[in-house]
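Please have a look at the picture first.

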Amino acid sequence: MFSSKERFKENFVARLEQREDKESLQTVYSVLTAMVKEWTYDDWEQTNQQYKEQKRKQLYYFSIEFLMGRILGQNLMNLDVHGFVEEGLKELGFDLHAIEELEPEPGLGNGGLGRLAACFMDSLASLQLPGHGCGLRYKGGLFTQVFQDGFQTEQPTVWIDEKEGWGIRREELSLDIPFFGSIEPGIESNRLKPVLKDAEWIKAVPYDYPIVGAAGKTVNTLRLWQAEVSSRPLPKGKPRTLYEQETAEVTDRLYPDASLDAGKILRLKQQYFLCSASLQTIVKNRDCPLSDLARHVAIQINDTHPALAIPELMRILMDEEGMQWEEAWGIVNHTISYTNHTILEEALEKWSSSLLERLLPRIYMIIQEIDRRFKEKTQQEPLDEWQRKKLAIIENGVVHMATLAVVGSYKVNGVAKLHTEILKVREMKELNDHFPHKFHNITNGVAHRRWLLKANPELSSLITSAVGDEWIREPIKLHKLHRFSKDPAFLQDLQAVKIAKKRQLADYIKTHQDIIVDPESVFDAQIKRIHGYKRQLMNILHIQMLYNRILSDRSFRPYPRTFIFGGKAAPSYRYAKEVIKLINTVADQVNNDPLAKKHLHIVFIEDYSVSKAEKIFPASDVSEQISTASKEASGTGNMKFMMNGAITLGTFDGANLEIVEQVGEDNAFIFGLTARQVMQFEKEQSYYPPDIIQHEPDLQLVMAQLLEGSLSDGEGNISAIRNQLVDCNDPFFVLKDIQQYGKAHERLLSAFENSLAWQEMSVVNIAQSGIFSSDRTIQEYSDEVWQLGRVPSNLL
Ligand code: OX2
């Protein structure tokens, strides 16, 4: 590693000279990546060595998704060389930005859950904590979204680049994982040992990725497993070609929606493959007696997707290591902890007992035994039938993974205060009553290094010039910005930064989507997965109402706004796909209407991804967080917007509440039903949308336009939207909240017109955002759950 721009340039030029195609940006990318890898790998080895010698407790974060985003730029940043590498390259005639864009983006996640895992990796390494990721090396990341006639179409994305990629194949650490077969009793060293016969084995090959901490020296590991054909014999009657095809499928692609239980055998295979390969490796490589495992290893399961870790660790401890049930259970129950990310019924994983039993016979036996013992324990408790049902792991031929996860973990956390409260008093009330000390809250956070420092260098330098650079290591120090909230010069500079970021985004939109937007207009963004509860529908219907009013009311000439959407719909989720088409249709109409386009523009950024998010957050004035209260567990986009000075327009849902707690209601625009009200309506089934529409002519008009088809250019079928709004009585309360939403928009718009006051709100948001750094989140996990010790980099 070098310490100056000049040394870097020398080294870089020398390497470039040896390449053939010196002029091409691709070659520059390749040379730069190779250099960064070398610097990283030295520290990586040292970190591993240090962990081994010091026998520190290690954390393993099990997640079916890691939405890392591009790695090169982030590593340069964390190695603290981004500045001079950028300058050095510039002097040599290369643009680092353009080089970074050449990196194929690993999209190994769907949304918040996967991105959270990535932020956690960054914070663990940056806080110099021994924590590693365990996941899957899907060949295809999340699909590429392409609009055709305004409809979403999906194309496969391959992100793996064997030559330049960051991963190292660790062939020597491969192991075989069994599926199917049957269990027969056996005897080994005088003890009973269940034997699996006629199984089908799949080889798990680890690829290790370095996770560079901001301090530069700590480099942790993200281990992603790839499925390959095993050399073991196939069970009788299994055709080889079929086996090869099924094996390739296991890590072929990411499931395109974490919240819809696709109920497929493949998903279950992926889950077990991840858990078994990771756990076998952890147990084998431990540096302590098995009985001490819980003191040396912590395993966090990211939602229930890796919940099979519980029976799998039991299997390893009992069947392979010869432990008795009680001792094994004690270890599992002090090693594994679980994070719940949702209360949406359809996202709570359930597997059919028969499927589990067929695919994983021994694991199913263990789950049955866990269930039997737990039922025995709760038998004495005075519970009614409903309560007993809520405590059952296996019930009516169905395995409830969340219940298994709670019973098998020593700590269970929700991801925002409101969400945890709902878990405790409603969704998991019975479990919480039984295990009163298990449940607790740890509010999510985001890596401020990626979402502020890296995504918004302009704002970062402004902050640093005002309050120094301590905030980079200690984001809570952003507090110091309060001193500038009334300083006109600072507020003007802040506004100038925002305009600069808006221009950059406007250029991007012009180049990629051929739409011209006005950087002086309000940039109002809703970027997240498309889902009923996130209510993109309410947003677009409100825009249509504004459009109608512009056409019908000559005195209504509102301040210009650019509405930005971004997000993908699960390919099988009809409703969400109809919403995408609807947004694109309204966008076409509005953007091409000579009168309306002076006031409104709508842009749907195609193929939303981490790298696109990095362009949108810094350029937004308004952060749309409008989910039906009680449905969004936390949200993390809300925090990224806040850090970049955008003002929240949202409901009292998820972490929005905590954002408002930080900034005060004067510095956010909050509207709509509360979680309590929503739950009350749901309980009483007393919400009836026609009652509302009846009294609101503008809503009546927009509903008529929607239902009669004039909003959908004749082609866009809206039967799923109709079904929700009309037949299902609007389960996400779109029509109930839309008028209050409109009022909140009005308040917001008049606030925007006083630009200094707006910038003041913006400063308050940035100043209060430090608490939403994932460094704080990880420190809480470490203190309350994992008990990790810091390994200072000066030791490395
Ligand atoms: C998401 C939640 O929907 C979101 O509210 C939360 O911020 C994020 O996880 C990180 O905690 N799949 N995605 C989520 O939950 C599930 C299940």
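Before we begin with a pair of helices, let me say how an angle between them is to be understood: axes are lines fitted to C-alpha atoms, for helices over the stretch in contact, and the angles run from 0 to 180 degrees between N-to-C directions. Please also keep in mind throughout that what we are looking at is a predicted model.

With that in place, helix H1, which covers residues 5–17, packs with helix H4, residues 82–91, at an angle of about 55 degrees, and their axes are 9 Å apart. H1 is therefore oblique to H4, and the crossing of the two helices is right-handed. On the H1 side the contact is made by Lys5, Phe8, Lys9 and Phe12, while H4 brings in Phe84, Val85, Glu87, Gly88 and Glu91.

Let me now step back to the domains. The protein is divided into domain 1, made up of 55–70, 105–205, 220–444 and 779–795, and domain 2, which is 521–754. Taken over C-alpha atoms, the centres of domain 1 and domain 2 are separated by 35 Å, and where the domains meet, 35 residues of domain 1 are in contact with 28 residues of domain 2. Which elements give two or more residues to the side of domain 1 that touches domain 2? They are helix H6 (112–126), strand S3 (144–148), strand S4 (151–155) and helix H16 (417–427). The residues on that side of domain 1 divide into 14 nonpolar, 15 polar and 6 charged.

Next, a single residue. Aspartate 621 sits in the loop between helix H24 (610–619) and strand S21 (622–625). Is aspartate 621 buried or exposed? With 23 other C-beta atoms within 10 Å, aspartate 621 is buried, since 20 or more is what that word requires. Setting aside neighbours within four places in sequence, aspartate 621 is in contact with Val522, Phe523, Asp524, Ala646, Ile647 and Phe752. Serine 189, by contrast, lies 69 Å from aspartate 621, C-alpha to C-alpha, and the two are 432 residues apart in sequence.

Finally, I would point you to helix H15, residues 401–408, where 8 of the 8 residues are buried, so that this helix is largely enclosed by the rest of the structure. Those buried residues of H15 are Met401, Ala402, Thr403, Leu404, Ala405, Val406, Val407 and Gly408.

Definitions and conventions: Residues are numbered from 1 along each chain as its sequence is written. This is a predicted model: local features need pLDDT of at least 70, side-chain atom pairs count only at pLDDT 80 or more; totals for chains, interfaces and linings use all residues. Helices (H or I, at least four residues) and strands (E, at least two) are DSSP runs, numbered from the N terminus. Angles under 35 degrees count as roughly parallel, over 145 as roughly antiparallel, 65 to 115 as roughly perpendicular and the rest as oblique. A crossing is left-handed if the near helix is turned anticlockwise from the far one by less than a right angle, and right-handed if clockwise. Two residues are in contact if their C-beta atoms, placed from the backbone, lie within 7 Å. Domain bounds come from an automatic or database domain assignment. Ala, Val, Leu, Ile, Met, Phe, Trp, Tyr, Cys and Pro count as nonpolar, Asp, Glu, Lys and Arg as charged, and the others, Gly among them, as polar. A residue is buried if 20 or more other C-beta atoms lie within 10 Å of its own, exposed if 12 or fewer, and partly exposed in between; C-beta atoms are placed from the backbone.
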